[in-house]
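Subject: Structure for your review

Hello,

Here is the structure I promised to pass on. Please open it alongside this note; my findings follow below.

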Amino acid sequence: MDKHIGKYMGRYRGKKSCYWIVLALLIGGMPSIAVVEGQNIATAESFLDDVAARYSTIRDYIANINISQAGSTMRGRLSYLSPNRVRIDFSTPARQVLVADGKDLWIYIPSQNIVLQQTMRGSQSGAALAGSSGIQLLVNNYSVSYLSSPNPTPLSGSGERVVQLRLTWNSSREHFRELIVAVTNDKLIRRIVGTTARNATLQFDFTDIQINQGVPATRFDYDPPASANLYTDFLFDQ
């Protein structure tokens, strides 16, 4: 692979990292069950089970997304269609695109005029990470607890009140050793913060989430620009 795209591979290198990023994007539109002060308090495990059960009912959603890491922020508009299609049209970086169409993952980086394409093979197609099965991976591979309390608390950087779950890995094979998931009172996940084994932190913020809007499958059709340089199977390239 040409060395001039090396700076971008730090963001996308490693198929496991990529799968976790896509999973986090998919989780961003999940409805959940908000805990209300003064009512019966659910355990963190049952709370997460409820998230998985409700998420299985979602056909599609659109949302604004911010992805923050190491002082830089990517911003865009996210579209999701069950069970395994996701698209982000970025405004920052301008015109950058990420599309998982159910078969291939595409990343267009206009500043370098390149397109990265990865065929998702077999169980790695992305379908296993979508819907309730994606949440089941968290149930199976992480220990879950409330971050501080089952009651809503203010979300940093906003005036919203959220319930926060802490998910801690059961195995060092997972990309994120810890996930903090914030759920708003309107039963949507508002933020996911993941900490990797090397203590790098990625934060995903979801706003203006609109569920079951009739997102068409054609939104996830992607034809790369003819003038762009195409790099295939980049996640498996040495």
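Helices (H or I, at least four residues) and strands (E, at least two) are DSSP runs here, numbered from the N terminus. On that basis the protein has 4 helices and 13 strands.

Two notes on conventions. This is a predicted model, so local features need pLDDT of at least 70 and side-chain atom pairs count only at pLDDT 80 or more, while totals for chains, interfaces and linings use all residues. Residues are numbered from 1 along each chain as its sequence is written, and side-chain values use heavy atoms, with hydrogens and water left out.

Overall picture

Buried means under 20% relative accessible area, exposed means over 50%, and partly exposed lies in between (1.4 Å probe, protein chains only). Of the 238 residues of the protein, 47% count as buried. The protein exposes about 11,000 Å². Carbon and sulfur atoms supply 47% of that area. Accessible areas come from the Shrake-Rupley method with a 1.4 Å probe; for residues, only the protein chains shown count as cover.

Contact means heavy atoms within 4.5 Å. Take the contacts in the protein with a separation of 6 or more: residues 24 or more positions apart account for 55% of them.

Salt bridges

A salt bridge is a side-chain nitrogen of Lys or Arg within 4 Å of a carboxyl oxygen of Asp or Glu. A search of the whole structure finds 7 of them.

One is between R59 and D60, with the closest N and O atoms 2.8 Å apart. R59 counts as partly exposed because its relative accessibility is 44%. D60 has 1%, so it counts as buried.

Another joins E160 to R190, the closest N and O atoms being 2.6 Å apart. This pair links distant parts of the chain, 30 residues apart. E160 lies in the loop between β8 (153-154) and β9 (161-169), and R190 lies in strand β11 (residues 189-196). E160 counts as partly exposed, because its relative accessibility is 29%. R190 is at 10% and therefore counts as buried.

D205 and R191 also meet through their side chains in a salt bridge (2.6 Å, N to O). They too link distant parts of the chain: D205 is in strand β12 (residues 201-211), R191 is in strand β11, and 14 residues separate them. Both D205 and R191 are buried.

How do these residues fit together? E160, R190, R191 and D205 are linked in a network of salt bridges. Leaving aside neighbours within four places in sequence, R190 is in contact with L155, S158, E160, A182, T184, F204, D205, F206 and T207.

E178

E178 sits in strand β10 (residues 176-184). Its relative accessibility is 18%, so E178 counts as buried. The side chains of E178 and R166 are joined by a polar contact of 2.8 Å. A polar contact is a pair of N or O atoms within 3.5 Å; within protein, one must be able to donate a hydrogen and the other to accept it, and residues adjacent in sequence count only if both atoms are side-chain atoms. Not counting residues up to four places away in sequence, E178 touches R166, L167, T168, V193, G194 and T195.

Helix α3

Helix α3 (residues 44-55) has 12 residues. From first C-alpha to last, α3 reaches 16 Å, close to the 16 Å expected at 1.5 Å a residue. The expected span is 1.5 Å times one less than the number of residues in the helix.

Which residues in α3 are buried? They are A44, F47, L48, V51, A52 and Y55. These residues are on the same side of α3, because they cover an arc of only 140 degrees around the axis. The arc is that of the directions from the helix axis to the C-beta atoms.

Two loop residues

M120 is in the loop between β6 (114-119) and α4 (131-141). At 11% relative accessibility, M120 counts as buried. M120 and K103 are 17 residues apart in sequence, and their C-alpha atoms are 5.8 Å apart in space.

N113 is in the loop between β5 (104-109) and β6. With a relative accessible area of 26%, N113 is partly exposed. N113 and P225 are 112 residues apart in sequence, yet 8.7 Å apart in space, C-alpha to C-alpha. Leaving aside neighbours within four places in sequence, N113 is in contact with Y108, S227, A228 and N229.

Best regards
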